[in-house]
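Subject: Structure handover

Hello,

Here is the structure I said I would pass on. My notes on it follow below.

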Amino acid sequence: MTALAPPAGRVRDAMRLGLVRCPPDASLRTVARMLASYAVHAVAVMDGDDWSIVTARDVASAAWRDPDTTRARELHAGPAVTVEPDLPLARAAELMARDRVTHLLVVDPETRLPLAVLSTLDVAGRL
Amino acid sequence: VTAAERTAAAATTGLTAPAETPVAEAMSSEILAVATGASLGDVARTMARYGVHGVAVEGEPMGFVSDLDLVAAAADASVELPRPAVTVPADATLVQAGREMGRHGVSHLVVTGADGRPAGVVSALDVARHIAFGRPER
């Protein structure tokens, strides 16, 4: 297939403000329900100042586990990859490709608080 | 989510738990596919227009491009697409499908029928729906 130019613009141009989030002790069933009800592919898990992102893939691959005793914190290892709104989208695309992650957490450069989630679909929409 | 809400949701949706649900029951039997000669730009526009995270590419075997594949190709011109679709038989359970998604790092599987031909697509969100609302048959 023909090559594709890197996306133009910055993270702020493609991100969608707001995010669906849950506490780390939310059950697998609750997380699955949030994904299904909001038709989103990622839920941000807030554990104090630590944020991670649980994706629909993480949830699906845990389908063998008890949905009511398995917790959100057990579904995904490691912190979310964070970016700032001014970062060029091409750089965000490189981070997604490098870490094989479909969702980046967009944080405020001053407060470090999450503003939005940037998904691969958001980036694909700018290609 | 209370037990009563769960029971009510299951009664409404009639969904069964992932371990008891064949992929055929949860999949979408429409495969959104582009022609073999389509460009990656065509794939990107198809994804954006339909709001989907993956598009199949016609051929033998069937190819697949996810939004992550597309972004990776834009970041690195040496990435070759499409890649062969990861497949799962229609009579596998959603638990097995979820395991395949985890193992291959993908969110979509092409479902193959008894004749081995593509019969649909099952996504991680389809599995999540059954985890959320599925009622065990006891």
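In chain B, the axes of helix α3 (residues 40-50) and helix α4 (residues 67-75) come within 11 Å and cross at roughly 140°. That angle makes α3(B) oblique to α4(B), because angles under 35 degrees count as roughly parallel, over 145 as roughly antiparallel, 65 to 115 as roughly perpendicular and the rest as oblique. Axes are lines fitted to C-alpha atoms, for helices over the stretch in contact, with angles running from 0 to 180 degrees between N-to-C directions. Helices (H or I, at least four residues) and strands (E, at least two) are DSSP runs, numbered from the N terminus.

The residues that meet are B:L40, B:V43, B:A44 and B:M47 from α3(B), and B:D67, B:L70 and B:A73 from α4(B); contact means heavy atoms within 4.5 Å. Six of the residues in this contact are nonpolar, none is polar and one is charged. Here Ala, Val, Leu, Ile, Met, Phe, Trp, Tyr, Cys and Pro count as nonpolar, Asp, Glu, Lys and Arg as charged, and the others, Gly among them, as polar.

This is a predicted model: local features need pLDDT of at least 70, side-chain atom pairs count only at pLDDT 80 or more, and totals for chains, interfaces and linings use all residues, while side-chain values use heavy atoms, without hydrogens and water. Residues are numbered from 1 along each chain as its sequence is written, and chains are lettered from A and ligands numbered from 1 in the order in which they are written.

Chain B as a whole has six helices and seven strands, in the order α-α-β-α-β-β-α-β-β-α-β-β-α along the sequence. Of its 138 residues, 51% are buried (buried is under 20% relative accessible area, exposed over 50%, partly exposed in between; 1.4 Å probe, protein chains only).

Some backbone points are worth a look. Most residues other than glycine have a negative phi, and most peptide bonds are trans. In chain B, the bond from B:E60 to B:P61 is cis, with omega near -5°, and B:P61 sits in the loop between β2 (54-57) and β3 (63-66). The bond from B:L81 to B:P82 is also cis, with omega near -5°; B:P82 is in the loop between α4 and β4 (83-84).

In chain A, A:R100 has a positive phi, near 50°, and lies in the loop between α4 (89-99) and β6 (103-107). A:R100 is partly exposed, at 41% relative accessible area. A:R112 has phi near 65° and belongs to the loop between β6 and β7 (114-119).

Regards
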